[in-house]
Amino acid sequence: MKSLKDWQFAGRTGTGFAVDVETRHRLEIRVLEQDLIRVSLLKDGAWRLDRTWAIAPAADVPWEGRPRDDLDGFTCPEFALDTQETRIVLETDSLRLTVETPLALVWEARTAPDSPYREIARDRPQDAYMIGRRDHRKHHYMRRFDGERSYGLGEKTGQLERSGRRFEMRNLDAMGYDARSTDPLYKHVPFTITDRGELGAYGLYYDTLAPCWFDLGNEKDNYHPPFRSFRADDGDLDYYFSWAPTVLDITRRQHWLTGGTAFMPRWGLGYSGSTMAYTDSDNAQERLMEFLDKLSDEQMPCDSFQLSSGYTAIGARRYVFHWNTDRFPDAEAMTKAYRQAGIHLIANIKPVLLDDHPQYRDVQQAGLFIRDSETGSPEQSPFWDGTGSHLDFTNPDAVTWWQTNLHDQLFAKGIHCTWNDNNEYEVWDDEAVCAGFGDAIAVNLIRPLHSQLMTRASFDAQRADKPDERPYLISRCACPGTQRYAQTWTGDNYTSWDTLRWNIPMGLGLSLSGFYNIGHDVGGFAGPRPEPELFLRWVQNGIFHPRFTIHSWNDDGTANEAWMYPEITPLVRDALKLRAQLIPYLYGLLHQAVTDGEPMLRPLFLDHPDDPACRAAEFDFLLGKDLLVATVVEEGATCRKVTLPANAEGWWAFDGSRWYPGGQVIEVSVSLETIPLFVRGGAILPLAAAGLRSDPASDTDRTWRIYPQPDGTPDSVTQFYDDDGTSPDALTGDHCLTRLALARRDGALHLDWQRSGYWQPAFETVSVWLAEPSPLIVNGAARTPSEPIRLLATARS
């Protein structure tokens with residue numbers, strides 16, 4: 001490694017300037033937005049990989065990648081530039097960037113064009129940038145300051161605040177991981193948020209797909225002041241620096257930068273059944289049919305079932321796109337029964353063909369595998385049930401093969417949704433050759449990209465198969481941009497109380513990093529069968545995550561099922577019915593995520609940054625801005641401490657039994673029946689009836705639950721979103737938006753509402769529920785809360 005020190009101004013460009021470093025390298029600065037600047041270090045003046053698949057501020061990237069020099073989607077505003085021999089200063093309306101000697105960058109920010117700049121970040125004064133002389137290693141070191149807090153990095157274990165620890169981005173199938181300590185895990189998200197308090201927050205996104213490391217204060221060196229570092233053994237040093245007054249703004253900026261969130265169908269928010277035990281059984285089809293019967297017998301709401309890979313098995317090994325007809329003698333009859341029951345099947349698919357796969361030789365002859373770096377033959381990697389070769393999704397012919405098999409082996413049999421699994425691409429021949437869409441790339445440069453392209457191939461195939469419906473997909477491995485296509489989850493967790501607790505900050509970390517549509521395997525995937533209390537508490541927590549799936553591969557061969565313990569089955573049913581009632585609220589949050597970039601899961605401090613107690617609340621969180629979730633995550637608990645963020649409106653118990661001032665920690669008595677929930681004063685929650693399916697056609701009974709704000713507090717505004725749940729063009733007008741304004745004045749509650757869009761919901765009236773008795777005036781007319789509100793037909797807009 002060599003430390004880069006000497007530089008020389010090379011000239012102004014249309015979007016920034018360039019600097020020659022050590023006479024041979026190139027540092028390029030680009031102003032993308034007033035609060036977003038890109039820094040690129042090109043070894044020997046050239047990109048190591050001249051494409052990106054993450055950056056998508058305006059539209060999705062081409063299959064073959066977006067040229068790194070493409071600035072489409074950015075406004076690239078004007079800037080001021082002052083150049084001196086040992087110093088360069090660039091200014092926008094929000095940021096001032098100074099290049100110092102030896103090479104180091106200093107970042108200052110301001111909240112308005114006429115306010116002073118204040119330092120927000122700076123590189124380490126010595127050895128800030130290091131580069132491999134004979135290889136492609138690249139390091140970046142920055143100063144750390146007392147009091148700063150670090151977040152992000154996606155799916156990481158332990159505390160949500162990352163300071164003082166070291167993390168690695170190297171995708172692994174980490175089944176049974178410790179939710180407090182295991183690293184690395186499934187996902188590659190090289191993005192951090194640094195909160196500097198009153199100075200605001202800054203985001204750093206390193207646009208690389210190569211393995212890399214983040215040290216956020218674990219390492220110390222007597223020759224340097226406190227520092228943090230980014231290290232990569234390969235790839236480009238190409239990072240995006242964003243500044244904003246709040247962490248929330250940085251999260252939204254990263255979400256926008258990487259292309260936003262897929263607008264999945266409404267039914268994807270319902271309970272999804274799953275277990276390895278069914279499809280691994282000799283009578284798998286019979287067990288799946290029994291699941292349908294039990295749902296009906298137990299009156300459990302359910303919208304989908306995830307078909308584990310046992311349907312592809314020959315013996316104990318899995319063979320993607322192969323059907324075990326002994327276990328599934330009539331797959332079409334099974335899928336028809338599920339379709340008639342209104343439950344969507346989601347099939348597990350894997351990107352590896354074992355070396356004795358029935359189609360292996362044909363795929364090998366067609367050249368569709370990643371190739372060994374020395375022999376040119378298909379690379380061979382250990383897989384969880386054998387040895388096999390990974391499909392090369394940078395080869396268009398492999399994509400075509402994949403999509404053809406999806407059609408022939410799944411869609412034609414009545415399964416139209418995919419669970420893209422085991423796609424971490426553990427190919428440890430770093431120089432194994434990928435086709436690269438005509439320009440070969442070493443796998444070490446793009447390992448997690450294959451999981452994204454695999455998911456995109458499935459997405460496009462599903463869209464072609466059902467052009468009038470929005471696709472639904474899941475992907476276990478992910479890198480920035482994968483959320484444009486699929487929902488994800490925190491992988492194959494271990495059954496324990498620790499996992500239940502620490503999966504919560506893992507999910508919040510993903511959400512802060514721009515992955516909004518996430519969840520966890522409820523009940524635990526690997527390890528022992530959960531005991532009744534643990535299982536119930538896991539269900540009661542899982543219903544408040546966008547992805548709600550009960551899944552398992554229990555050591556004793558049992559399945560985690562909603563009815564697995566008769567003594568708690570009524571309480572599990574209550575939780576599932578509450579989830580069904582919350583679907584309209586969750587769907588509104590999904591709409592806000594897609595259209596406004598709002599996270600669905602939110603740590604308390606995201607909306608209440610000035611309340612110190614919210615920083616310490618690891619296991620309380622917000623679902624949307626209005627619903628505070630404090631589920632019980634301790635064995636044998638008889639009470640639960642809850643942090644109520646400081647606000648003027650206060651917080652209501654969900655059942656309306658009590659109002660609490662904000663800014664306090666309360667203690668709530670709990671029993672097995674208890675799910676501690678609180679609602680922000682001034683909020684209105686839309687609830688459906690506790691139906692068995694989330695189909696909008698059956699959503700005929702809507703309630704507005706009104707939680708009034710205290711006297712003297714501002715009016716509040718709430719918005720609900722409805723559509724048919726599946727149409728791909730719903731956002732362009734085939735929907736219904738309901739806007740409600742709630743005020744308390746003159747001793748009465750004033751509710752004013754209006755609707756837009758031209759989709760007509762199945763409900764024609766709305767019931768009103770008040771958290772406290774109060775005179776109610778709706779759109780200027782007095783009425784009693786027991787009197788339903790008749791909704792006018794929606795108007796075209």
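Author: Let us begin with a helix end: α1 is followed by Gly259, whose phi is positive, near 100°. The model is a predicted one.

Reader: What makes helix α1 mostly covered?

Author: Helix α1 comprises residues 247-257, and eight of its 11 residues are buried. Those eight are Val247, Leu248, Ile250, Thr251, Arg253, Gln254, His255 and Leu257. To be called buried, a residue must have under 20% relative accessible area.

Reader: Which residues of helix α4 are buried, and what puts them on the same side of that helix?

Author: In α4, residues 331-340, the buried residues are Ala331, Met334, Thr335, Ala337 and Tyr338. They cover an arc of only 155° around the axis, and therefore lie on the same side of α4. An α-helix has 3.6 residues a turn, so residues three or four places apart point the same way.

Reader: Against what do the buried residues of α4 pack, and what follows the helix?

Author: The packing partners of these buried residues are α3 (284-298), β23 (304-307) and β26 (344-349). Just after α4 comes Gly342, with a positive phi of about 75°.

Reader: Why is Thr312 called buried?

Author: Its relative accessibility is 3%, and the cut-off is under 20%, so Thr312 counts as buried. Thr312 is located in the loop between β23 and β24 (313-314). Leaving aside neighbours within four places in sequence, Thr312 is in contact with Arg317, Arg318, Tyr319, Val320, Phe321 and His322.

Reader: How do you know that the side chain of Thr312 makes a polar contact with Ser309?

Author: A polar atom of the Thr312 side chain lies 2.8 Å from the backbone oxygen of Ser309.

Reader: Why is Ser698 called partly exposed?

Author: Its relative accessible area is 43%. Buried requires under 20% and exposed over 50%, so Ser698 falls in between and is partly exposed. Ser698 is found in the loop between β47 (683-687) and β48 (702-707). A polar atom of its side chain lies 2.8 Å from the backbone oxygen of Asp695.

Reader: Which residues have the most contacts inside the largest nonpolar core?

Author: They are Leu391, Trp402, Leu410, Val539, Phe544 and Leu627, in a core of 171 residues. Helix α11 (residues 569-596) gives the most to this core, with 13 residues. Apart from it lies another core, of 43 residues, among them Met142, Ala232, Tyr239 and Trp243.

Reader: With which residues is Leu391 in contact, leaving aside its neighbours within four places in sequence?

Author: The partners of Leu391 include Pro351, Leu353, Val363, Leu368, Phe369, Ile370, Trp401, Trp402, Tyr425 and His450.

Reader: How many of the residues are buried, as a percentage, and what share of contacts joins residues at least 24 apart?

Author: Buried residues make up 63% of the 797 residues. Among contacts between residues at least 6 apart in sequence, 69% join residues at least 24 apart.

Note on methods: Residues numbered from 1 in each chain as written. Predicted model: local features only at pLDDT ≥ 70, side-chain atom pairs only at ≥ 80, totals over all residues. Heavy atoms only, no water. Buried < 20%, exposed > 50% of the residue type's maximum accessible area, 1.4 Å probe, protein only. Helix = DSSP H or I, 4+ residues; strand = E, 2+ residues; numbered from the N terminus. Core = buried A, V, L, I, M, F, W, Y, C linked by side-chain atoms within 4.5 Å. Contact = heavy atoms within 4.5 Å. Arc of directions from axis to C-beta. Polar contact = N/O pair within 3.5 Å; in protein donor to acceptor, adjacent residues only side chain to side chain.
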